[in-house]
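Colleague: I have a model open and would like to learn how to read its packing. Could you walk me through a few features?

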Amino acid sequence: NIDDIMDHPVVHISFVDAVKFCQWSMPGGRLPTEEEWEFAARGLKRSRRFPWGNSMLTGKDHSAHRMNIWQSEFDSQLEEQGTNLYQFGRNSLAFVKDFYAANNTALDGYPQTAPVSAYGPQNKLGFHNMVGNVWEWTTTDWTAGEPGDSQDPRTKVKKGGSFLCHRATCNRFRNSARMMFTSDSSASNVGFRCAYDSGVNT
C-alpha cells in the first residue's frame, strides 16, 4: 500500500526510466546535467556547503533539521571519537554493517524517505530536498580520475546524498558531492527530478 507515501520521491527508477518519465511529463522535459543540478542546489551562492548555508543544523540553538539523512544511536560516540568508519582498512566493512544494524533515531523526522515538501525550501530559489532524502540522477557521464579522462556513458553522476548518508559513512549530502551509478541500476535511495529549458510552459 503506497497511499501514505504518494508525496514521497519515486525510487527504484533506472536512468532510462527517469529520462522517459521526464520526456513524457512535459514537452521539453529531461533530467538535469550535473552542472544544472548543482546550480539549483547552490541557490546563486558559490561557496555554501549546503543549499541553505554551511551548518547542518540551523535555528537559534542549532537544532533544526534541514534534510533527511541517517541519525544513529552511535552518534554521540562517533562525535567524541571523530570517526570515519572507512579508515579501518579490512575491518571497515564490518564496522559499517554494525553501524547500519543499529537504530536510526530519525531525529529529522523520517527513518526512510520523506515527503518532497519536507523541511521547506532549502534555498532562495525555492528548491526542496536538494540534499538528503534520495540521490538524484543527472545526465552527466561519470569520469574517473582527473578532468579530461575518458568518460563511461553507462555510468552516470548522481547528486544530493540520501536518507542512508551519514558523516561517518557517506558524507555526500553536500552541494559539491557526487557519486557514480550505473545507468541500468536502481535503489531504494535513488530517485530523480525533471528539468525544463527556459521558455517551456510548465
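Modeller: Gladly. Let us begin with burial: a residue counts as buried when its relative accessible area is under 20%. Keep in mind that this is a predicted model.

Colleague: Which residues of helix α2 are buried?

Modeller: Helix α2 covers residues 34-42, and its buried residues are Glu34, Trp37, Glu38, Ala40, Ala41 and Arg42. Just after α2 comes Gly43, with a positive phi of about 60 degrees.

Colleague: What do the buried residues of α2 pack against?

Modeller: They pack against two strands, β3 (135-143) and β4 (151-159).

Colleague: And how do I read the strands themselves? In which sense do β3 and β4 pair?

Modeller: For strand pairing, look at the bridges: at least two are needed between two strands. Here β3 and β4 pair in the antiparallel sense, over five bridges.

Colleague: Now the aromatic rings. What describes a pair of them?

Modeller: A pair of aromatic rings is described by the distance of the centres and the angle of the planes. Centres must lie within 6.5 Å, and planes over 60 degrees apart count as edge-to-face, while those under 30 count as stacked. By this rule there are 10 aromatic pairs. Take Phe15 and Trp137: their ring centres are 5.6 Å apart and their planes stand at 70 degrees, so this pair is edge-to-face.

Colleague: Where in the chain do Phe15 and Trp137 sit?

Modeller: Phe15 is in helix α1 (residues 15-25) and Trp137 in strand β3, so the pair links distant parts of the chain, 122 residues apart. Both fall under the 20% cut-off: Phe15 is buried with a relative accessible area of 13%, and Trp137 is buried at 0%.

Colleague: What about Phe50 and Phe173: stacked or edge-to-face?

Modeller: That pair is stacked, with 6.3 Å from centre to centre and 15 degrees between the planes. Phe50 belongs to the loop between α2 and β1 (57-58) and Phe173 to the loop between β4 and β5, so the pair ties together parts 123 residues apart in sequence. Phe50 and Phe173 are both buried.

Colleague: Which residues do ring pairs link into a cluster?

Modeller: Phe15, Trp137 and Phe181 are linked that way. Have a look at Phe181 from above its ring, too: Lys158 lies over its face, at 4.4 Å from the ring centre.

Technical notes: Residues are numbered from 1 along each chain as its sequence is written. This is a predicted model: local features need pLDDT of at least 70, side-chain atom pairs count only at pLDDT 80 or more; totals for chains, interfaces and linings use all residues. Side-chain values use heavy atoms; hydrogens and water are left out. Buried means under 20% relative accessible area, exposed over 50%, partly exposed in between (1.4 Å probe, protein chains only). Helices (H or I, at least four residues) and strands (E, at least two) are DSSP runs, numbered from the N terminus. Contact means heavy atoms within 4.5 Å. Rings of Phe, Tyr and Trp (its six-membered ring) pair if their centres lie within 6.5 Å; planes under 30 degrees apart count as stacked, over 60 as edge-to-face and the rest as tilted. A charge sits over a ring if NZ of Lys or CZ of Arg is within 6 Å of the ring centre and within 35 degrees of the ring normal.
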